[in-house]
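User: I am new to this structure. Please show me how to read its features, one at a time.

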Amino acid sequence: MKISKAEFIKGVIGDDYGLKDNLPHIAFFGRSNAGKSSVINSLVGKKDLVKTSKIPGKTREANFFRINNSFYFVDFPGYGYAKHSILERNKMIKRIFWYVEFSDARPKAVFLIIDANVGLTALDRDMIKTLKANKHQIVIIANKIDKLAKSAAGKQLSSIKKEARDIPVLGYSAKTNEGKDELTQKIASFV
Ligand SMILES: Nc1nc2c(ncn2[C@@H]2O[C@H](COP(=O)(O)OP(=O)(O)OP(=O)(O)O)[C@@H](O)[C@H]2O)c(=O)[nH]1
Ligand SMILES: [Mg+2]
C-alpha cells in the first residue's frame, strides 16, 4: 500500500465520532508530546498535514484525516499533560475512553505512540488495560528512536517488548522515517 492521498476532514470535540461514510478508523493515542501528530505526518509524507508543536498539549480535538479515500487516521489529543488543568485533563481522558469503550465507530487498530526514550508510563499502562478489556487491536509505536544510539535503542526496545508481552512493538522515528515501511504494511493489514 502507498499512501497517496491525505485530507483533513474534521475535528471532533464532543462524542460524535461517527462519519456517514463508515470508513474504518486507525486511532492514534498516547501521552502528550510523544509524537502522534508527527507520526501521522511522516506516514503520509507531508510535513504539515497535522499541526505539531514544541509546546505539548497542542492537539485538543480528535482530528480525522481521510487516507486514500478508504480509511481514517484519527489523531487524538494527548493525555496526561501536566499543565492542563485537572478538569481539562479529566475531560480529555474521559473523551478518549468513551471512544474506546462506547463509540460505535470501533477502530480497526489503536496505535499507542510512546517516546522510546521514556518507555511506557502509568497512563499508557491504564490505557492498555482499557484497550485490552474492550478487545481492541493495539500496536505500540516506540517513536523518537533517532534520539537513541543504536545499542541503547536496542535495549530500550527489548525492555518495552518484554513489558508489552503479546502487543507488537515497533521502533519508529517521525524524524528519519525509520520504521515507516513496516508500519505502513501493518496499516494495510488492518484496513
Ligand atoms: N527527534 C524526534 N523528535 C520528534 C519525533 N516525533 C516527534 N518529535 C518532536 O516531538 C514534539 C512533539 O511532537 P507532536 O507530534 O506534536 O506530539 P503529539 O503527541 O502530537 O503531542 P500533543 O498533540 O500535544 O498530544 C515536536 O517538537 C516534534 O518535532 C521523532 O521521531 N524524533
Ligand atoms: Mg498532536
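User: Which residues does Ile140 touch, not counting residues up to four places away in sequence?

Analyst: A contact means heavy atoms within 4.5 Å. By that rule, Ile140 touches Leu112, Ile114, Leu120, Ile128, Ile160, Ala164, Ile167, Pro168, Val169 and Leu170, leaving aside residues up to four places away in sequence. Some ground rules: this is a predicted model, where local features need pLDDT of at least 70 and side-chain atom pairs count only at pLDDT 80 or more, while totals for chains, interfaces and linings use all residues. Residues are numbered from 1 along each chain as its sequence is written, chains are lettered from A and ligands numbered from 1 in the order in which they are written, and side-chain values use heavy atoms, with hydrogens and water left out.

User: Which residues touch the most other members of the largest nonpolar core?

Analyst: In soluble globular proteins, nonpolar side chains tend to be buried together. A nonpolar core is a set of buried Ala, Val, Leu, Ile, Met, Phe, Trp, Tyr and Cys residues joined through side-chain atoms within 4.5 Å. Buried means under 20% relative accessible area, exposed over 50%, partly exposed in between (1.4 Å probe, protein chains only). Here the largest core has 33 residues, and Phe29, Phe76, Leu112, Met127 and Ile140 touch the most other members. A second, separate core has 25 residues, including Ala34, Val50, Phe111 and Ile113.

User: Is strand 2 covered on one face or both?

Analyst: Strands (E, at least two residues) and helices (H or I, at least four) are DSSP runs, numbered from the N terminus. In strand 2, both faces are covered. His25, Ala27 and Phe29 are buried on one side, and Ile26, Phe28 and Gly30 on the other.

User: Which way do strand 2 and strand 4 run?

Analyst: Two strands pair if DSSP finds at least two bridges between them. Strand 2 and strand 4 run parallel, joined by four bridges. Ile26 has Phe73 as its bridge partner in strand 4. Strand 2 also runs parallel to strand 5, with five bridges. There, Phe29 stands opposite Leu112.

User: How many bridges join strand 3 to strand 4?

Analyst: Five bridges join them, and the two strands run antiparallel. Phe65 stands opposite Phe73 in strand 4. Their hairpin has three residues between the strands, and Asn68 takes a positive phi near 50°. Strand 1 (residues 6-12) pairs with strand 3 in the antiparallel sense too, over six bridges. Glu7 has Arg66 as its partner in strand 3.

User: Which side chain of opposite charge is nearest to Lys36?

Analyst: Lys and Arg count as positive and Asp and Glu as negative; His and the chain ends are not counted. A salt bridge is a side-chain nitrogen of Lys or Arg within 4 Å of a carboxyl oxygen of Asp or Glu. For Lys36, the nearest side chain of opposite charge is Asp75, 5.8 Å away. Lys36 is buried yet has no salt bridge. A polar atom of the Lys36 side chain lies 3.2 Å from the backbone oxygen of Gly30.

User: Is Leu43 buried or exposed?

Analyst: Leu43 lies in helix 1. Leu43 counts as buried because its relative accessible area is 2%. Its contacts include Ile3, Phe28, Phe73 and Tyr172. The C-alpha atoms of Leu43 and Thr184 are separated by 7.2 Å, though the two are 141 residues apart along the chain. Helix 1 is mostly covered, with eight of its nine residues buried. Just after helix 1, Gly45 takes a positive phi of about 70°.

Definitions and conventions:
Polar contact = N/O pair within 3.5 Å; in protein donor to acceptor, adjacent residues only side chain to side chain.
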